[in-house]
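Here is a short report to read alongside the sequence and the 3D view. It moves from charged pairs to the core and then to the chain as a whole.

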Amino acid sequence: NCEFHAYVIAREVSDEDGARSLVANGTVYRALARLEIRRLLATRWEDPRMAAAERRPRRRMYRVTAEGEGSVPA
């Protein structure tokens, strides 16, 4: 199961300018939080050493759960 962070999702669903807007406005984060509450996504914070090595803040990583996989229409 692959993991992703919110900006990747924003970039996929919008053009570059819109992606920044989605993240800045918190729209993506609110949607991801709702999916986590429904247990369709699981989250974890990445290793702080990785973020430090790249000189950036830590990212919250998301992955689709088995329940989330099962809820996708065929």
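This is a predicted model: local features need pLDDT of at least 70, side-chain atom pairs count only at pLDDT 80 or more; totals for chains, interfaces and linings use all residues.

R56 counts as buried, because its relative accessibility of 19% falls under the 20% limit. With E46, the side chains meet at 2.4 Å, N to O. R56 sits in the loop between α4 and β3 while E46 sits in the loop between β2 and α4, so this pair ties together parts that are ten residues apart in sequence. E46 is itself buried, with a relative accessible area of 4%.

The other partner of R56 is E54, and here the closest N and O atoms are 2.8 Å apart. E54 counts as partly exposed, at 46% relative accessibility. Through shared partners, the salt bridges join E46, E54 and R56 into one network.

How many salt bridges are there by this rule? The count comes to five. Another of them pairs R60 with E36, with 3.2 Å between the closest N and O atoms. This pair links distant parts of the chain, since R60 belongs to strand β3 and E36 to helix α3, 24 residues apart. R60 is partly exposed at 31% relative accessibility, and E36 is partly exposed as well, with a relative accessible area of 27%.

| Salt bridge | N to O distance |
|---|---|
| R56 and E46 | 2.4 Å |
| R56 and E54 | 2.8 Å |
| R60 and E36 | 3.2 Å |

Now to the nonpolar side of the model. Which residues make up the largest nonpolar core? There are seven: F4, A6, A10, V28, L32, L41 and Y62. Helices α1 (6-13) and α3 are the elements that give two or more residues to this core. If you centre the view on Y62, you will find contacts beyond its sequence neighbours (up to four places away) with C2, E3, F4, H5, A6, Y29, L32, L41, A42 and T43.

H5, one of those contacts of Y62, lies in strand β1 (residues 4-5). Is H5 buried or exposed? At 16% relative accessibility, H5 counts as buried. Leaving aside neighbours within four places, H5 is in contact with R59, R60, M61 and Y62. The C-alpha atoms of H5 and T43 are separated by 9.4 Å, although the two residues are 38 positions apart along the chain.

R39, in the loop between α3 (27-37) and β2 (41-45), has a phi near 65°, a positive value in a residue other than glycine. R55, in the loop between α4 (48-53) and β3 (60-64), also has a positive phi, of about 55°, without being a glycine. R39 is exposed, with a relative accessible area of 58%, and R55 is exposed with 79%.

Finally, the chain as a whole. Its secondary structure comes to five helices and three strands, running β-α-α-α-β-α-β-α from the N terminus on. Of the 74 residues, 24% are buried. Among contacts with a separation of 6 or more, 42% are between residues 24 or more positions apart. The accessible surface comes to about 5,500 Å², and carbon and sulfur atoms account for 53% of it.

Methods
Residues are numbered from 1 along each chain as its sequence is written. Side-chain values use heavy atoms; hydrogens and water are left out. Helices (H or I, at least four residues) and strands (E, at least two) are DSSP runs, numbered from the N terminus. Buried means under 20% relative accessible area, exposed over 50%, partly exposed in between (1.4 Å probe, protein chains only). A nonpolar core is a set of buried Ala, Val, Leu, Ile, Met, Phe, Trp, Tyr and Cys residues joined through side-chain atoms within 4.5 Å. Contact means heavy atoms within 4.5 Å. Accessible areas come from the Shrake-Rupley method with a 1.4 Å probe; for residues, only the protein chains shown count as cover. A salt bridge is a side-chain nitrogen of Lys or Arg within 4 Å of a carboxyl oxygen of Asp or Glu.
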